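Reader: I have a sequence and a model open on my screen. Could you walk me through how some of the pieces pack?

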Amino acid sequence: MENSSENPDKKKPVKKGNVPAADIDFGALISTIGEKWLLNPWLTLLWLTVAKFVADAAKYNADLAIRLNKGANRPQTGNTLEHLEQEMDSVMAYVKNYIQRKYKKANEKAYYASFGFVHQVDHWEFPTDRNRRVASLKLMAVAIKENGFQDEEYGQQYWDKMLTDYEALVKQSTTIDGEISLKVGEKNILKKDLTKGVRAIAGVIKHNHPDDYKQVLRDWGFQKEKY
């Protein structure tokens, strides 16, 4: 018989537990366990009731659904923000031309900061941080009018709309991130407590069904081969 010392590259089989790591699989398991426990009052734990387990399982799945929904909307918001950033970065050149035309090339850079541009190494641009970019857009909207560029192709109407649209999306993105973070935190706390219950229930089943516990565990939703 070959052993690990003779075959150092031979991988040992990975032993899978009764608790799935994936949130969706865990949510399905605790739902099934809750349903089965309600129909099997013989199973009792001194520190956990079936009512508490079922309620926590429902809350876990509700929080998970909200997190997944918010997470699905995040890429859409992020994509729109990136599109607006690319657009305003390209239009920035037109504003610089307005400044140069009015104040001459020798003086143009002295006006850049008042239009919301920040100095980066060897050039002037909008800041990459989104909250700072909102502040820059506010400066831009004011400077466009104060310097008489409101009627240009990329004048007052353009920058007012850009500021409104971009600021709203930044706030939306921040709200989504905050809500996701909150739901992840609540879900993880629930998962930790529910995991203790799941393991305890699996143990009770094993001790009460010594000969056929594998079949009983499967009936209660435990499917290690899928985890």
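This is a predicted model: local features need pLDDT of at least 70, side-chain atom pairs count only at pLDDT 80 or more; totals for chains, interfaces and linings use all residues.

Reader: How are α1 and α5 oriented to each other?

Author: Residues are numbered from 1 along each chain as its sequence is written, and side-chain values use heavy atoms, leaving out hydrogens and water. The axes (lines fitted to C-alpha atoms over the stretch in contact, with angles from 0 to 180 degrees between N-to-C directions) of α1 (residues 23-39) and α5 (residues 156-208) come within 11 Å and cross at roughly 50°. Angles under 35 degrees count as roughly parallel, over 145 as roughly antiparallel, 65 to 115 as roughly perpendicular and the rest as oblique, so α1 and α5 are oblique.

Reader: Where does D56 sit, and is it buried or exposed?

Author: D56 belongs to helix α2, residues 50-103; helices here are DSSP runs of H or I with at least four residues, numbered from the N terminus. Its relative accessible area is 14%. Buried means under 20%, exposed over 50% and partly exposed in between, with a 1.4 Å probe and protein chains only, so D56 is buried.

Reader: Which residues does D56 contact beyond its sequence neighbours?

Author: Contact means heavy atoms within 4.5 Å. Setting aside neighbours within four places in sequence, the partners of D56 are L190 and L194.

Methods
Helices (H or I, at least four residues) and strands (E, at least two) are DSSP runs, numbered from the N terminus.
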